[in-house]
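Subject: A structure for you to look at

Dear colleague,

I am passing on to you the structure that we spoke about, and below it you will find my notes on what turned up in it. Please read them with the structure open beside you.

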Amino acid sequence: MYSENFIKNYTLANLEKKIIELGYEKYRALQILNGIYVDRVQKFEQISTLPNTLKNILDDTFLINSIKLLKKRQSLDGSIKYLFQLNDGKSIEAVYMPWYDEHNGEIERITLCISTMAGCPVGCAFCATATLGLIRNLDTSEIIDQILFVENDLSIKISNIVFMGMGEPLLNYKNVINSIELLTLPENKLLSRKKITLSTVGITNKIKQLANSRSPVKLAISLHATTNGFREKIIPLAKSVKINDLMDSIEYYYRKTHLPITYEYIPFENFNDTFEDAKRLAKILKRVPSRVNLIPFNDISFTGVSGLSQTLKSSSKEKILEFGNQIKEFGGVVTIRDTFGTDIEAACGQLALKEG
Ligand code: SAH
Ligand code: SF4
C-alpha cells in the first residue's frame, strides 16, 4: 500500500488539489475532512454530504486507517502503553497519560505521547529507542492515527499531545508539520497549537523552519548537559550541534513565536549534576523565558545493551532536589517530572518494543 492511499496523509490544500483532479469541486475536501476527523466515519459512504459517485471513487482510492492495535498494557498509575502495527508490519508505541485533579480525583487533562518514527537514528546513550536504530519515518496518517485510535478506543478526548515517543520529530519534518497542520485545522476540531509540545534533541535548521511555519508549537529541548564535551558523550549529534548554536536557534524560535521553551534534563550521578552545571544551566535558562524539567533517569537495562548506558546512573532523589534548588538560587525556573508507566516500560526513553 502506498502512502498516497491513506486519506490522512493529505493536508487540506493537498486534498483540494486531489479532489479537483478527480473532477469534483474544491469544497468537497473540507466535507471529507469533516467526515474523517469530526464524525470519525470508517467508510466514505457514511459521509452523507457527498454525492454517491464521489463516495465510490473515494472508497476505491483511499484507505482510512493506517495502524492497528497489537497490544495494550495498563500501568498501576493509570497510564496505558499502546503497541501498534503499521501497514508494512513495523511497530510503534504511544502512551496515554491521565492527569488527575488533586482535590476531586477527576481527570483534568489527558496527554498522549506519540511516536514520529519507528526507532530513531540519533543514538543517545541513555535512550531505549536508540537501540533500534532508524527503522523508518512515520507518515502523516500514522502519526495522526495514534491519536484517533486512542480516542476511539477509550471514548475520550485527548487534551494535549507530546511528540516525545519514539523518534526525532524534526528529522521527519514534513510529515510531522503536516500532522500538526491537520491536528490544528480549526474545522477538524482536534487541538490548538498551544496544546502540542514537540520534543527535539536540537536540529537547529529545522527549529528555525518550524518558527517560520504556519503552525509553530511549544518546544521542548533535550539538553541533558551544560558543556559541549559532556553533551557529546551522551548525544552523538552534539558533535555537530554546539550548545551555542542550539541556543541561537532557540532564541530565534522564541522571538518569532513568543512561546516559552522547556529544557529536558536527566541528572546523572557525578556526570551532569554538579554545582557548576546548575550555574551554567541557570544561565542558559535566562536567555529567553524558559524552564527546565528535571527528568529522573528511567532504567533501560531491559534492552540488554552494554556501553555507556550501563555506567550512567540516575542521581538520587535528594540530589535531584538539591540540584533543582541550586538552579533556582541562580534564578532558573525548575520543575521535576512525575514519571508515568515505569512498571510497564512506558516511561520516557523506555519505548523499545519489548514484549510482555
Ligand atoms: N527525540 C526527541 C523526542 C523523543 S525522546 C528528543 O530526544 O527530545 C523524549 C524525551 O525522553 C527526551 O527528552 C529524551 O531525552 C527523554 N529520554 C530518553 N531516554 C530517557 C530515559 N532513559 N530516561 C528518562 N528520559 C529519557
Ligand atoms: Fe532519538 Fe530522542 Fe531517543 Fe535521542 S532521546 S535516541 S533523539 S528518541
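A word that returns throughout is "buried", which is used for a residue with under 20% relative accessible area, while "exposed" is used for over 50% and "partly exposed" for what lies in between, with a 1.4 Å probe and protein chains only. Please keep in mind that this is a predicted model, in which local features need pLDDT of at least 70 and side-chain atom pairs count only at pLDDT 80 or more, whereas totals for chains, interfaces and linings use all residues. Residues are numbered from 1 along each chain as its sequence is written, chains are lettered from A and ligands numbered from 1 in the order in which they are written, and side-chain values use heavy atoms, with hydrogens and water left out.

Helix H2 and what follows it

Helices (H or I, at least four residues) and strands (E, at least two) are DSSP runs, numbered from the N terminus. Helix H2, which spans residues 28–38, is mostly covered, since eight of its eleven residues are buried. Those buried residues are Arg28, Ala29, Gln31, Ile32, Leu33, Gly35, Ile36 and Tyr37. They pack against helix H1 (12–21), helix H3 (52–61), helix H4 (140–154) and H5, where contact means heavy atoms within 4.5 Å.

Just after H2 comes Arg40, with a positive phi of about 55°. Ser155 is another residue other than glycine with a positive phi, near 50°, and it is found in the loop between H4 and strand E7 (160–163). Ser155 is exposed, with a relative accessible area of 66%.

Salt bridges

A salt bridge here is a side-chain nitrogen of Lys or Arg within 4 Å of a carboxyl oxygen of Asp or Glu, and by this rule the count comes to 17. In one of them the side chains of Lys81 and Glu93 meet, at 3.6 Å from N to O. This pair links distant parts of the chain, with Lys81 in strand E2 (residues 80–86) and Glu93 in strand E3 (residues 91–100), twelve residues apart. Lys81 is buried at 5% relative accessibility, and Glu93 is buried at 1%.

Another salt bridge joins the side chains of Arg136 and Asp88, at 2.7 Å from N to O. Arg136 lies in strand E6 (residues 134–137) and Asp88 in the loop between E2 and E3, so this pair ties together parts that are 48 residues apart in sequence. Arg136 is partly exposed at 21%, and Asp88 is partly exposed at 42% relative accessibility.

In helix H8 (residues 243–257), Arg255 and Glu251 lie four residues apart, about one turn of the helix, and their side chains meet in a salt bridge of 3.1 Å, N to O. Both belong to a network of salt bridges that links Asp248, Glu251, Arg255 and Arg287.

Asn172

Is Asn172 buried or exposed? Asn172 is buried, with a relative accessible area of 4%, and it is found in the loop between E7 and H5. Leaving aside its neighbours within four places in sequence, Asn172 is in contact with Thr116, Met117, Asn137, Leu138 and Ile143. The C-alpha atoms of Asn172 and Lys195 are separated by 20 Å, and the two residues are 23 apart along the chain.

A charged patch

On the surface, Arg109, Arg193, Lys194, Lys195, Lys218 and Arg291 gather in a patch of positive charge. Patches are made of residues with over 30% relative accessible area and no salt bridge, with like charges joined within 9 Å and nonpolar side chains (Val, Leu, Ile, Met, Phe, Trp, Tyr) within 5 Å. Lys and Arg count as positive and Asp and Glu as negative, while His and the chain ends are not counted. Arg193, one of the patch residues, has its place in the loop between helix H5 (173–184) and strand E8 (196–200), and it is partly exposed, with a relative accessible area of 33%.

With best wishes

Definitions and conventions. Areas by Shrake-Rupley, 256 points an atom, 1.4 Å probe, with all protein chains shown as cover. Charge placed at Lys NZ, Arg CZ, Asp CG, Glu CD.
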